[in-house]
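Hello,

Here is the structure I promised to pass on to you. Please have it open while you read my notes.

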Amino acid sequence: MKSLHKLCPSAIYRQNLILCCRSKRIRNKMLVAGAADRNKQPILDVLQGYLPPINQTGRVLEIASGTGQHIAHFAAHFQHVLFQPSDIDRNCVSSITAYIENKKLTNVLQPVEIDVTKPIDQWPGGKFEPSSWDVILNSNMIHISPWESAVGLFKASGYLLKDKGVLFMYGPYKVNGVLTPESNVRFNQQLIAQNPSWGVRDIVDLEKLAKDNNLCLEKMVDMPANNKCVIFRKTS
């Protein structure tokens, strides 16, 4: 692009108009979820304890990045970490791309379309090598997708995470068959009515998946809006 001070006034106007229109197109693709705006900082407050320290590089893969609000927020605060967003929905992929461009994030790779129920060798990009990721993020996915998505997530985490790497999850969960408070119970009923294969998952069942894939439950953190951060660590 030519330097603006070398252009005539009319050319400068046209150049600014082009930049303005491009900026509007980018913003128009940026999907916004109110809940994501509200919970991105509380999640980051917990997540920062599991990201590589500032004197180390790190790689974070997010499965089901949604609008891209989370990863854009996280990446802006941890510029020494390389983030790889993904989603199965093309509208979300476009939104993530728009957030990367709008926020000028240099430590976020272009999003890829990933169906976590498929084998990793069918994932796009050819960059998903075993034991190559420090953290895998997943927020608000497994209760609005079939159980096979949870199975795929844990299988992928067991394969992709480095030794001592972390699967960091966020959302509503049952604990030993108990779901609280009543608002979460009603939410679960609504999910199942919408799709019988959906529903709030039990930590007990997730621990079984973890064990099958060399992961163990390390910690649960109660979060605002009756959600939890759930952290699984890969064992050798």
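Below is what I found, going from the whole chain to single residues.

First, the ground rules. This is a predicted model, in which local features need pLDDT of at least 70 and side-chain atom pairs count only at pLDDT 80 or more, while totals for chains, interfaces and linings use all residues. Residues are numbered from 1 along each chain as its sequence is written, and side-chain values use heavy atoms, with hydrogens and water left out.

**Overall**

The protein has seven helices and eight strands; these are DSSP runs numbered from the N terminus, with helices being H or I of at least four residues and strands E of at least two. Of its 236 residues, 47% are buried. Here buried means under 20% relative accessible area, exposed over 50%, and partly exposed in between, with a 1.4 Å probe and protein chains only. Among contacts with a separation of 6 or more, 70% are between residues 24 or more positions apart, a contact being heavy atoms within 4.5 Å.

Six strands make an open sheet with mixed pairing, in the order 2-1-5-6-8-7. Two strands count as paired if DSSP finds at least two bridges between them. Strand 2 and strand 7 (215–223) are the edges, each pairing on one side only. From one strand to the next, the twist averages 20°; axes are lines fitted to C-alpha atoms, for helices over the stretch in contact, and angles run from 0 to 180 degrees between N-to-C directions. Strands 1 and 2 run parallel and are joined by four bridges, and Gly 58 has Val 81 in strand 2 as its bridge partner.

Helix 2 packs on this sheet, where it touches strand 5, strand 6 (161–171), strand 7 and strand 8 (227–234), and its direction makes about 150° with that of strand 6. Helix 7 (residues 203–212) also packs on the sheet, touching strand 7 and strand 8, with its direction at about 150° to that of strand 7.

Helix 3 (residues 69–77) is mostly covered, with seven of its nine residues buried. Those buried residues are Gln 69, His 70, Ile 71, Ala 72, His 73, Phe 74 and Ala 75. What do they pack against? Their partners are helix 2 (34–47), strand 1 (58–63), strand 2 (81–84), helix 4 (90–103) and strand 5 (133–139).

Helix 6 (residues 182–194) has 13 residues and reaches 19 Å from its first C-alpha to its last, close to the 18 Å expected at 1.5 Å a residue; the expected span is 1.5 Å times one less than the number of residues. Asn 184, Asn 188 and Leu 191 are buried in helix 6. They lie on the same side of helix 6 because they cover an arc of only 60° around the axis, the arc being that of the directions from the helix axis to the C-beta atoms. On the face turned away from that buried side are the exposed residues Gln 190, Ala 193 and Gln 194. In the loop between strand 6 and helix 6 you will find Pro 181, and the peptide bond from Thr 180 to Pro 181 is cis, with omega near -10°.

**Single residues**

Asp 134 sits in strand 5 and is buried, with a relative accessible area of 17%. A polar atom of the Asp 134 side chain lies 2.7 Å from the backbone nitrogen of Arg 59. Not counting residues up to four places away in sequence, Asp 134 touches Pro 52, Gly 58, Arg 59, Leu 161, Lys 162, Gly 165 and Val 166.

The loop between helix 7 and strand 7 holds Asn 213 and Asn 214. Asn 213 is buried, at 16% relative accessible area, whereas Asn 214 is partly exposed, at 44%. Leaving aside neighbours within four places in sequence, Asn 213 is in contact with Phe 154, Lys 155 and Gly 158. Asn 214 is not a glycine, yet its phi is positive, near 60°.

Asn 140 is another non-glycine residue with a positive phi, about 50°. Asn 140 lies in the loop between strand 5 and helix 5 (147–160) and counts as partly exposed, at 28% relative accessibility.

Best wishes

Technical notes:
Polar contact = N/O pair within 3.5 Å; in protein donor to acceptor, adjacent residues only side chain to side chain.
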